[in-house]
Amino acid sequence: MFRSDTHILVVDDSINIRRIVVDHLQKLGFSKIVAAENTAEALEKLKSYKQSGSPIQLVLSDLNMPGPSGLDFLKEVRKDPQYQALPFILITTESEKGAVIEAAVNGVSGYIVKPFNADTLTKRLKEAYRKHYPEGLN
Amino acid sequence: MVNYSVFDALFDSVFIIDENRKIIYCNETAAHLSHSSVKRLSRGVIFSDLFNMSEPNLFPLSGGPIGREKASPLQEVIYEIKDPSLIKSTTSLEASRPSKGKVQITIQPFVEGSVKRWTVVLRDVTLEETLHHKYQGQLALREKYIAELQEAKIKLEDYSNNLAEKVAERTFELQNANHRLNAVMNSLGQGFLIIDKKGICSDLYTKACLEVLEKDPSHKPIGDVLNLSSKERDQFNMWMQAVFSESLPFEDLATLAPDNYKHTRGERITLHFFPLRDDQKSIQHIVLVATNRTSEFLAKEALSKEQNHGAMILKMVKYRQKFTAFINSIDKEITSIHNQIKNKFILPNEVNNIYRYLHTIEGEAGLYSLEEIRECCRQIQTFMEPWRQGDSRESNILLPKVLVELEKIKKYLKEFRIENTDLLNLISNQQENSLEISLDHVLAFGKLLQDPRLPLELQTQFLTTILKQPILPCLKFLDDVAQQVATTQNKKLYPIYYSCENVYITPKIYDALLASLVHAIRNAVDHGIEPPEVRKSSGKEEMGTIRINCTNTFYEGQPWIQIQISDDGSGIDVQKIRNLLPIKFPTMNLTSLSDFEILQTVFLPGFSSREQVSQFSGRGVGLDAVKSEVELLKGNIQMDSKPNNGSVLTINIPKITKIENLENKLKLMSA
């Protein structure tokens with residue numbers, strides 16, 4: 001269902017979490033993964049990759065980050081009409097219900113609770129895809 | 001000549017005929033009727049040659065005198081053209097003229113000058129007839145339609161009535177189903193309500209809502225029903241928005257909703273949300289199910305408490321010496337600290353000591369899961385913190401608080417001791433400075449003392465000081481047995497009163513005997529102790545008493561032990577035994593037996609004065625087992641009893657004074 005060369009952006013301020021997520025993704029077969037430490041860097045990367053012709057096709061972002069949060073990032077991204085359909089998954093903890101609800105009404109494609117395993121991640125990725133690319137990715 | 005041209009324009013056919021029936025005149029209509037022309041007919045055609053009439057004797061048309069003097073009444077006759085070959089049809093109109101029909105005919109005589117003439121008028125009523133038939137036909141058809149319609153109307157009325165009945169039936173069934181559903185949900189104690197897109201609850205809800213959510217939810221906003229704060233409401237509204245717009249699958253959103261309701265009386269109410277979809281599968285309503293899980297919650301808490309208790313016991317047993325020391329020491333220390341503080345005799349460095357001591361206690365209490373004591377210690381430390389830092393300004397306020405906590409510790413300790421007496425006895429039976437050695441090692445060592453070169457004194461000392469255990473712990477189990485029997489028989493019993501200090505026995509040797517005492521106890525409760533009502537009516541306490549007394553005695557210069565088991569029950573009915581004995585033991589000679597001797601028959605194998613075998617006794621096996629054990633040990637046993645005063649079972653057994661005897665006995669046992 002998803003191509004292994006899907007361009008994925010992982011955003012998290014903790015290098016350990018980034019490593020774990022990237023690891024999971026690589027095990028699932030994804031090879032084109034880039035990472036960012038914060039919202040600003042993430043937005044920049046989105047822009048530059050789009051310009052260079054190989055745009056980001058999926059975002060996995062932590063919710064709780066110093067500075068603008070994952071929720072702020074989501075809102076920023078959805079402002080751009082070109083990114084209305086960008087699959088965006090938030091990584092949260094048990095206690096952040098309020099923020100997740102807000103993300104839901106702001107167009108998040110799914111959320112995943114830490115700690116998670118590979119199966120849950122796969123499930124969420126599939127859901128996000130189904131939502132935005134019902135015919136599959138081309 | 002009369003001018004017959006008055007008849008020319010008439011639509012009725014008029015013929016004028018003479019006495020020879022010759023047509024003198026006819027009009028156009030008559031010619032038309034006759035399929036001929038006026039000219040031809042006026043050339044001397046005989047009228048009766050023209051038509052066949054169905055009524056030939058109207059007036060003698062052919063032959064015979066015409067001879068009618070008066071006008072004939074109008075009569076309907078059927079005519080037929082006699083000779084169709086006469087007809088020469090030159091036009092299609094002429095060809096379409098009917099050759100048969102119905103006419104109304106009348107003949108009127110008159111006199112012209114001196115000759116008789118007759119006027120024959122024929123009115124063609126064929127068309128009328130045809131139309132009449134047609135109309136009749138149509139009328140009949142219409143009548144038929146009307147009849148059918150009326151039938152249909154009746155059927156429709158029937159159907160509507162039926163329908164009304166069916167609707168009433170269905171409504172009734174639906175209401176029933178509704179009631180059943182409601183009953184089911186109410187029986188589950190679950191509050192059920194439906195929320196619409198505006199967040200308002202419908203008027204369809206279960207009665208359980210009144211208890212579980214403490215209000216009637218109909219037409220209220222869900223925020224009011226769940227007593228949400230304004231922040232929680234905003235969040236819930238956003239959540240509903242996400243649900244109704246299905247921005248994420250419902251199952252992912254369900255976990256983000258509030259999962260419990262804060263009940264004002266502390267009941268635990270869980271909340272579950274479900275989507276209600278329409279035919280197009282889009283969510284139109286949200287269903288909320290509120291469940292009272294208080295009992296589950298309490299059960300879980302109780303379970304957790306029990307598990308903690310279990311863990312605590314394990315720790316207490318594992319570290320028993322340490323624990324016993326701990327329990328004993330903090331009692332004293334806390335009391336002394338309490339006194340110090342109460343009397344305000346505290347020097348600064350003492351404050352520090354107290355603080356550190358309590359900190360240690362906190363740790364130790366934690367080790368043994370004594371959470372309440374631990375919490376008190378923590379509180380005291382919190383209160384004393386500023387004081388410890390040198391700031392004693394608040395000490396007046398804090399001192400009483402510290403005292404309160406110390407009181408609490410003492411209270412918990414007291415409660416703890418009471419709740420766990422058995423356990424504490426068990427673990428503190430290990431006296432200070434005690435050693436655990438296996439019995440086999442001790443016995444092996446004892447064997448060495450049999451060496452004849454060693455003084456006998458060594459053996460005696462060994463047996464009296466080393467190879468001994470107090471008898472009480474070996475008899476404690478009898479209390480549980482007694483209570484068990486009493487409970488099953490709805491009898492009330494005090495705990496067994498033991499009086500066994502200073503009585504020691506050699507381990508193992510008396511095991512069988514002591515175990516057999518279970519029969520004696522069972523008998524005592526089953527036969528001896530009366531039900532509470534009976535006891536009350538005979539002036540006794542409702543709760544029965546069983547005593548076990550052990551004493552050291554002497555017999556023929558040798559140390560013996562006496563064990564007495566007594567109860568304050570109804571005693572043994574000697575007369576009853578006298579009556580039963582001949583049946584059970586017919587070969588016995590009873591006449592010479594005293595009451596006392598009769599009492600001792602209870603030790604006979606197979607003896608039972610019970611007619612029925614109960615769960616506990618009556619099989620006749622019991623006291624004889626005790627007796628045989630006593631005799632194996634070379635002791636003696638007897639039963640005493642006073643009516644209504646209870647019974648006393650007395651056992652006397654010798655103590656082991658020589659290891660040789662011990663060895664023999666052990667060999668016997670293992671044989």
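Me: Which residues of helix H3 (residues 70-79) of chain A are buried?
Reply: Keep in mind that this is a predicted model. The residues that cover the buried part of H3(A) come from elements including strand E1 (8-11), helix H2 (39-51) and helix H4 (97-105) of chain A. Buried here takes 20 or more other C-beta atoms within 10 Å of a residue's own. In H3(A), the residues that pass are A:Gly70, A:Leu71, A:Phe73, A:Leu74 and A:Val77.

Me: Why are the buried residues of H3(A) on the same side of the helix?
Reply: The set is A:Gly70, A:Leu71, A:Phe73, A:Leu74 and A:Val77. They share a side of H3(A) because the arc they cover around the axis is only 155°.

Me: How many residues of E3(A) are buried?
Reply: Look at both faces of the strand. A:Leu58, A:Leu60 and A:Asp62 point one way, A:Val59 and A:Ser61 point the other way, and all are buried. That leaves E3(A) mostly covered, with a buried count of 5 of its 5 residues.

Me: Which strands stand at the edges of the open sheet in chain B?
Reply: The sheet has 5 strands with mixed pairing, in the order E13-E15-E16-E18-E17. Its twist averages 15° from one strand to the next. Two of the strands have a single partner strand each, so one side of each lacks a neighbour in the sheet: E13 (497-499) and E17 (636-642) of chain B.

Me: Which residue stands opposite B:Trp560 in E18(B)?
Reply: Strand E16 (residues 558-567) and strand E18 (residues 646-654) of chain B are antiparallel, paired over 7 bridges. Opposite B:Trp560, the residue in E18(B) is B:Pro654.

Me: At about what angle to E17(B) does helix H24 (residues 623-632) of chain B run?
Reply: H24(B) lies across E17 and E18 of chain B. Taken against E17(B), the helix runs at about 140°.

Me: What supplies the largest share of the side of chain A that touches chain B?
Reply: The contact takes 11 residues from chain A and 11 residues from chain B. On the chain A side, H4 and strand E5 (110-113) each give at least two residues. The largest share is 7 residues, and the element supplying them is H4(A).

Conventions:
Residues numbered from 1 in each chain as written. Chains lettered and ligands numbered in written order. Predicted model: local features only at pLDDT ≥ 70, side-chain atom pairs only at ≥ 80, totals over all residues. Buried ≥ 20, exposed ≤ 12 C-beta atoms within 10 Å, placed from the backbone. Helix = DSSP H or I, 4+ residues; strand = E, 2+ residues; numbered from the N terminus. Arc of directions from axis to C-beta. Contact = placed C-beta atoms within 7 Å. Pairing = 2+ DSSP bridges. Axes fitted to C-alpha atoms, helices over the stretch in contact; angles between N-to-C directions.
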